[in-house]
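Please read it alongside the sequence and the model shown below.

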Amino acid sequence: MPGTMSLRSKRAAPRPLQEITNDCEVPCASPNPDNSPMQTSACPDVSEASKNMETPVPPKRNRKVVRRLDQSLQTPNRMRQSEKRTAASPTLYRAVVHGQSPTQEILDEWVDLLQEDKEVAFLELVNFIIQSSGCRGEVTLDMVKTMGFSDIIRVMTEKFDEMGADYPLVATGSSWRPFRSSFPKLLQQLALVLGGRSSVMHSGLAGWGGSNTELELAGGLVSLLVGLSDSQVRAFRHTATLAALKFMTGLVGVAVEVERVLQTVQRQLLAEQSRPVAQQATNKLQNLTTSKEKLKEHEGELENLMNTIFRGIFVHRYRDILPEIRAVCLEELGCWMTSCPDTFLTDSYLKYLGWTLSDRHGEVRKKCVASLLVLYSKPEQQPRLELFSQRFKERLVTMVMDREPDTAMKTIQVLNDLRETSDGLLSKEDCETVYPYVFCSHRQLAITAGHFLRKSLLKQESEMASSPPSRPQETFVRVLLAFYLANQLHDHAAYLVDSLWDSSEHQLSHWASFTGLLLPKPQESALLEVEEGALLEIMVCCVRQAAEGQPPPGRGGQKKVFLARQKKALEDHAQAISLHFMVTLPQLLTKFSCDDDKILVLLEIPRYFDMSVYTSARLESSLSSLLNAICLLVETRPCATVHEKCSNALLALCDPMAPTQARVATDTLIDTIVQRFETVSHTVQSQLSSLDEDDVYELTTCLRRLCALYCAHDLTSSSLLIPCMELLRIGLDTGELADEVLMLTMQCAFYSVVWHIHSLTLSRPSKDELQGLRREGRNLIHVCQSFLSSFYSCSKEQAFLLLCDLLLLFGPHMIAHEFQSTGELNALESEGESWRILVLAPSPRLQAELQGFMVDHVFVTNETNEEDVDNERVAELYKRRRFLAMYLRLALAGILPLASTAGVFKHYVKFFHDYGDLMKEGLSRARLLNLDDCARTICLSLKQLFTEAIEESESQKLELSHLREVARRLAATFGFDLRKSRYAIARLHKEGLQFALENHQNEAPKTLHFLELLTEFSSKLLPEDKAVVLAYTEHLVPSPGQGLEWRPFKVYKASLNPKGEGRVAELSVVGNKQPQQDNHQESAEASQFVPNLTSTVMRNGYQKDMDSPDDENDFEIRIKRRAKYVLRRRRPATEELKHTTVPQTPLAFEMDVDSVSGENDEESAKDDEEEAMEEDLDFSYLS
């Protein structure tokens, strides 16, 4: 290798690239990119150069190497071999891209080439870097020998593909994944080879016998990478920076190994020198001394290379404009600090990590914090990080609020390590910045914050010594309860528990600590009422987390799929929950029997019981106590929500695995309440005129309990439908019953019908049974329909909801779905049409009453005062949204005609803030069901709006701004696929034209302004469809007037211009000064819209039908004929297009072309016409 390679003396100090200067005219060997390592010129004035440079000139022995290599270059065989290797494509790059061989094998092949021919091996390495940047150019051996690296880079830049933005490091696709993983590994392993790691490991102790050839190649490679990293080409800069930093990572590993071997040699040398002179081994002492000198020299060379890379590349690229380059710099800097902390873990290097904590790109901040996390995780490195922690602590605390969850998560981990190692550095306010993140929706971030919070709770637990030694777990629960109350987020206990579960599962699943605080002993202090409620909420959330193992709603997305080990852990938790709470839950229910909120929380626990434990653990007495407590709550508490929770708890306890006494107790409770209801109902019917408040209260409480039990248990055997129907009829006839009584009675009757349907689906019912069920459903529908027009407010709303449910239950879709879910559909169909008698269609009167209910109770202006509570407004809005959702569900299920929703969609803009999402979803599903009906419904909505506007503005000017906005928003719901909705839009235009131009009789009708709304849908027509609609418009009004009243008509015609819609502005001003000129202009405009018809169309009589349509359905006839013509004209003209896929949508609106190349004879035209007639076109949308 030439002597101009970058070599350092054994006493040379590491110096940066920018500090190396040379005043002589001849370039000297240095890591300057202007000089190539293959150049053979040397400095003639070595003494003068040594004065100007602190780095001495290369030793004399290296000049011999230069002369020896120069002579080898003149060998014919070596020249032919070099030409042969450089003529082929770079084998190193190809091997890495294909990824078929391991990186070590690829590197071994290159090392073999290095031993054969160093120049060719170095050239292969240069081409590998160039090709890895995405450059198509190739460096030759002559270029390396005669040109500097700066010139080579300039030539390669000119050969770079400017059109391609991707290069291997950022290219997408699975084919580039092997390269992106192998490229940095190869550079890092290459540094181990060129850094002489093998020579150090094998020869360092026995005497230095290695050569500096590898370091010379490393210096040349670094010079190339320095030049490429400063290029304006992004690909060169990114690839060279990554290669250089990975190469330096390998050099750092070699330097660490050299330092280890050097220390070993020094210890051996000191041990040998400490012996008496007579006992010293002269040869060993000499070898150790030589090895020490060589290792120090090698260490200096490595330091020079690392200093060159750091000062020449890292210092400039860590603030590069490309975030990927900045991220690579910080990631590798963290690796250097971890591998060689003595050199790099200093304030002069740590400042780069601190500065980039404020980088604007999230990935850069993430890499920076990840590097810090590795450093802070090692306690022995904390003294070196003390100054850095004090300087950048505030920035780390604020980075907890980073918008990137991964960055915030790693920052919390850094703060957690910092708090453990540096006591007192993080203040209480700094820690409070992290605590709220246990309630965030990002689960991993919340779990990390939970780890941080757990350390704080444990620290507070250690400070509190008030817990008795017998129950130390209660201290942790007390500290957690204090934290929960201090944050005042009492509706998010599930999020807190989920955040702490991974780190504090043992403490949170210690159920005795919870119940011990809730059921204190006489000598212990009891909790406050607020603390008891919060602790109950936390305890139930812990029970749910232990039994289900799923994150709370809004955190975690999809449900977990558990492994066998995790399922076993859940079963163990269920066993522990059952064993503990089967005994303590009756005591808790008895203690909090007067507090409905606490009862509602506690009644969630039986859902997670393992009922087999009652039998296996002999806890039948505990089950009896629990059943007695629940039944007592049902009979004594007036709250309907408590009744529902008790009913669900009884349903869970009636599991087949549980003892039969649960079913017996439930049946006994049901019989008692049913008997009481029958007695009270009979009393009310017999003494209707003399009812007192006690009778009404007794009837109301019985109905509440029945509704709660009926919701979860089958009470069909009690035959409650007949007395409920009698009460409803009495209420309708007399109006003496309370509104709540009638509402609860309707609910009980509805549950009776639903359970009757369910019981029939489990068996093979007879026709009489089906007739009876139909009779029950029809009677209940009639009763609910009567309540729609009654004066009962709550009962009216309840009747509307029940009507919607009943119509769905007795609809064809729901019945088929119900039987299909039970697997009985095929068997039932084989028995005939008997099940179809259950289908009950709403009468026209019922449809009208449902629409009237929507107008009166949904689309009404909110007249609430500012003094009203926000919760009441939200509840009222939720109730109205429920009404609208049920009504739309009826229409989308086919129970009601889709046109009945026209009264809903006409409020699309006015009530968009309250119901916009529901109406958009309704329109979307309506389009999927039937696009034509959806368009017809939208047109009907606009007609209704327009008619209302005309009626309201009889004496005023018609204002259409709101109507145009509604039309524009509804037109936008058809999307951008015009061909998919072309038939529906055409029908909408047809019906709109018929509505706007009916009975015009050469005068502008009152409905002519409707065309302004229809103009908003013109953009949804294809250009060829616009011509057809324009022709139909001119047929309806052949000669419009010239006054201002005809302005909407002309604006609508201008919007149908297939070639553009720029003529609307020209038609905005219509005058009467020059009528002849206007007529001429209008005829000219009309002629632009009519396409030039070919001779074939004239022969087929198309022009005659178009000019003088006589049939009233001329629009449909014209569409059909035009479709036949267009299909014939659009046949593939060449053999290559014969197998072209034809869209399934009929081309019914395609416009004919202006001209064709060549003329068809009569025979081919007749064949084309017959083929067009045979096309199966669907024009049912015009019926």
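**Charged side chains and backbone geometry**

E257 and R260 are three residues apart in helix α12 (residues 234-273) and so are separated by about one helical turn; helices here are DSSP runs of H or I with at least four residues, numbered from the N terminus. The model is predicted: local features need pLDDT of at least 70 and side-chain atom pairs count only at pLDDT 80 or more, while totals for chains, interfaces and linings use all residues. Residues are numbered from 1 along each chain as its sequence is written, and side-chain values use heavy atoms, with hydrogens and water left out.

**Salt bridges**

- A search of the whole structure finds 40 salt bridges, each defined as a side-chain nitrogen of Lys or Arg within 4 Å of a carboxyl oxygen of Asp or Glu.
- One of them joins E257 to R260, with the closest N and O atoms 2.2 Å apart.
- E257 is buried at 12% relative accessible area, whereas R260 is partly exposed at 45%; buried means under 20%, exposed over 50% and partly exposed in between, with a 1.4 Å probe and protein chains only.
- D342 and R384 meet through their side chains in a salt bridge of 2.8 Å, N to O.
- This pair links distant parts of the chain, 42 residues apart: D342 belongs to helix α15 (residues 341-344), and R384 to the loop between α17 (362-376) and α18 (386-398).
- D342 is exposed, with a relative accessible area of 59%, and R384 is partly exposed, with 33%.
- K1053 forms a salt bridge with E1034, in which the closest N and O atoms are 3.8 Å apart.
- K1053 lies in helix α48 (residues 1047-1055) and E1034 in helix α47 (residues 1023-1036), so the pair ties together parts that are 19 residues apart in sequence.
- K1053 is buried at 9% relative accessible area, and E1034 is partly exposed at 22%.
- A network of salt bridges links E797, E876, K879 and R880.

**A buried lysine without a partner**

- K796 is placed in helix α36 (residues 793-809).
- K796 is buried yet has no salt bridge, and the nearest side chain of opposite charge, D856, is 6.5 Å away; Lys and Arg count as positive and Asp and Glu as negative, with His and the chain ends not counted.
- Leaving aside residues up to four places away in sequence, K796 touches F787, L788, S790, F853 and H857, where contact means heavy atoms within 4.5 Å.

**Negative surface patch**

- E105, D108, E109, D112 and E116 form a negative surface patch.
- Such patches consist of residues with over 30% relative accessible area and no salt bridge, like charges being joined within 9 Å; the charge is placed at CG of Asp or CD of Glu.
- E116 lies in helix α5 (residues 103-116) and is partly exposed, with a relative accessible area of 48%.

**Positive phi outside glycine**

- R618, a residue other than glycine, has a positive phi near 55 degrees.
- R618 is found in the loop between α28 (612-616) and α29 (620-636), and is exposed at 70% relative accessible area.
- S719 is not a glycine either, and its phi is positive at about 55 degrees.
- The loop between α32 (693-712) and α33 (721-734) holds S719, which counts as partly exposed at 47% relative accessibility.

Technical notes
Helices (H or I, at least four residues) and strands (E, at least two) are DSSP runs, numbered from the N terminus. Patches are made of residues with over 30% relative accessible area and no salt bridge: like charges are joined within 9 Å, nonpolar side chains (Val, Leu, Ile, Met, Phe, Trp, Tyr) within 5 Å. Accessible areas come from the Shrake-Rupley method with a 1.4 Å probe; for residues, only the protein chains shown count as cover.
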